[in-house]
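Subject: Structure handover and notes

Hello,

Please find the structure below, followed by my notes on it. The cut-offs are given where each term first comes up.

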Amino acid sequence: MIILAIIFTFSSCTRDKNAVASIDIEVIEEEIEVVPPVVMVTYEEPVLNIFFHPLVARPEQAFRSTRYRDFFLEWYVTASEYRNFLYEMYINDWVLVDINELYEVTNIDGVKRVNYIKPLIPEGKRPMILSIDDLNYYDFVRENASVHKLVIDENNLIAGWTPGENGDELSYDLDVVTYTEVFLKQYPDFAVRGARGIIALTGYEGVLGYKTHLLNAPEYQQEKEEAMKVVKRLKELGWRFASHSWGHANMPDVPMERFTRDTNRWDAEVRPVIGDTDLFIYPFGARVEDIPERHRILRNHGFNVFFGVGLGFTTRERQTHLYMDRRNVDGNHFRTFRNRDDKVFDFDKVIDVEARSIR
Ligand SMILES: [Zn+2]
């Protein structure tokens, strides 16, 4: 803490027109080693859940492409918008919390119970859970908008990889994961106890940019091993993983046969790559809570926490599971929430108007 006092002493009388006021400035500078203690409190209000898709790293390409322009404008944000978003949330006292700290699973006499745990966070802050859907880098997304995959660089950092005209290009600010890491280097107190976010993955076009869905391809083993290295590093950093179904299935509507096949296939193809998880993020936000048979199947596959789409402040504690809804941040959100009072950040400070007007 620095206490700076400036004392002005006027030695002349202002009534004397010819006198030049002389100003003596005395600076008292005192440095005291005081770090204000962080008081941790139990947060009683609902936690905010917010999710993104992979970022539009090349708006000049994504928003010009005729076929996917509207899709990316509607359901994605640009890398610059994500960077603005993080800073806005940070300066408005939001902090990241780890989903793993917010529930516990007990098994008493063979009966499983899933209970919500209120987060312990610094006083005056507001907790937020971050998630990213479909961080698979589907072909049409990486060819038109995003980085191509996540890799580990020579310094053991996660980087975004994109093939460039002059060879490989590594980036650190064009993807949710890489930029969040950069941001937390500068503002580590944004993450409570090292919290990161949840990465939700399907399986039909591989994971994280690796072709782990081509089980019989000659390069399968190598792709799987590289993906697993990235997963391991992400977990060390605090990132969590969730199922987003294998085929981005509409879980309430698909025929039962496809429902079970999809669930089994995710277990067979994705779980071995990302490891065990009990988090399930519904594709399209389409819940099966009201279809007991289907929900039981998902719970029997080991899922305890389910995420849908909504305003982002709902947590329902059921005995058999936990349900949370999440708020999408994308062009659709910018439009539908523009005139609403329940925005959680200032859109004008986040939206990249220039990028969104590219045609
Ligand atoms: Zn999705």
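Strand S15 (residues 279-281) and strand S16 (residues 305-309) run parallel and are joined by three bridges. Two strands count as paired if DSSP finds at least two bridges between them. Helices (H or I, at least four residues) and strands (E, at least two) are DSSP runs, numbered from the N terminus. This is a predicted model: local features need pLDDT of at least 70, side-chain atom pairs count only at pLDDT 80 or more, and totals for chains, interfaces and linings use all residues. Residues are numbered from 1 along each chain as its sequence is written.

Opposite Phe280 stands Phe306 in S16. Together with helix H9 (residues 292-300), S15 and S16 form a right-handed β-α-β unit; right-handed here means that, with the strands pointing away from the viewer, the path from the first strand over the helix to the second runs clockwise. S16 also runs parallel to strand S18 (residues 322-328), and five bridges join the two. Val305 has Leu322 in S18 as its bridge partner.

A separate topic is the open sheet of three strands, with the order S10-S11-S12 and antiparallel pairing. Strand S10 (149-152) and strand S12 (167-171) are at the edges with a single partner strand each, so one side of each has no neighbour in the sheet. From one strand to the next the twist averages 45 degrees; axes are lines fitted to C-alpha atoms, for helices over the stretch in contact, and angles run from 0 to 180 degrees between N-to-C directions. Strand S11 (residues 158-164) is antiparallel to S12, with five bridges between them. Thr162 stands opposite Glu169 in S12.

Two helices lie across this sheet. Helix H5 (residues 176-186) lies across S10, S11 and S12 and runs at about 135 degrees to S11. Helix H6 (residues 220-237) lies across S10 and S11, at about 75 degrees to S10.

H5 also packs with H3, at an angle of about 35 degrees and with the axes 11 Å apart. Their crossing is right-handed, that is, the near helix is turned clockwise from the far one by less than a right angle. Ala79, Tyr82, Arg83 and Leu86 in H3 meet Val176, Tyr179, Thr180 and Phe183 in H5; contact requires C-beta atoms, placed from the backbone, within 7 Å.

The largest nonpolar core holds 82 residues, and those with the most contacts inside it are Leu55, Val56, Val97, Met128 and Ile199. Helix H3 (residues 79-91) gives the most to this core, with five residues. Such a core is a set of buried Ala, Val, Leu, Ile, Met, Phe, Trp, Tyr and Cys residues joined through C-beta atoms within 7 Å. A residue is buried if 20 or more other C-beta atoms lie within 10 Å of its own, exposed if 12 or fewer, and partly exposed in between, with C-beta atoms placed from the backbone. Beyond its neighbours within four places in sequence, Val97 has contacts that include Val47, Leu102, Pro119 and Ile121.

Arg335 sits in helix H10 (residues 331-336) and counts as exposed, because it has 12 C-beta neighbours inside 10 Å. Arg335 and Glu74 are 261 residues apart in sequence and 8.9 Å apart in space, C-alpha to C-alpha.

For the whole protein chain, there are eleven helices and 18 strands. Of its 359 residues, 37% are buried.

Regards
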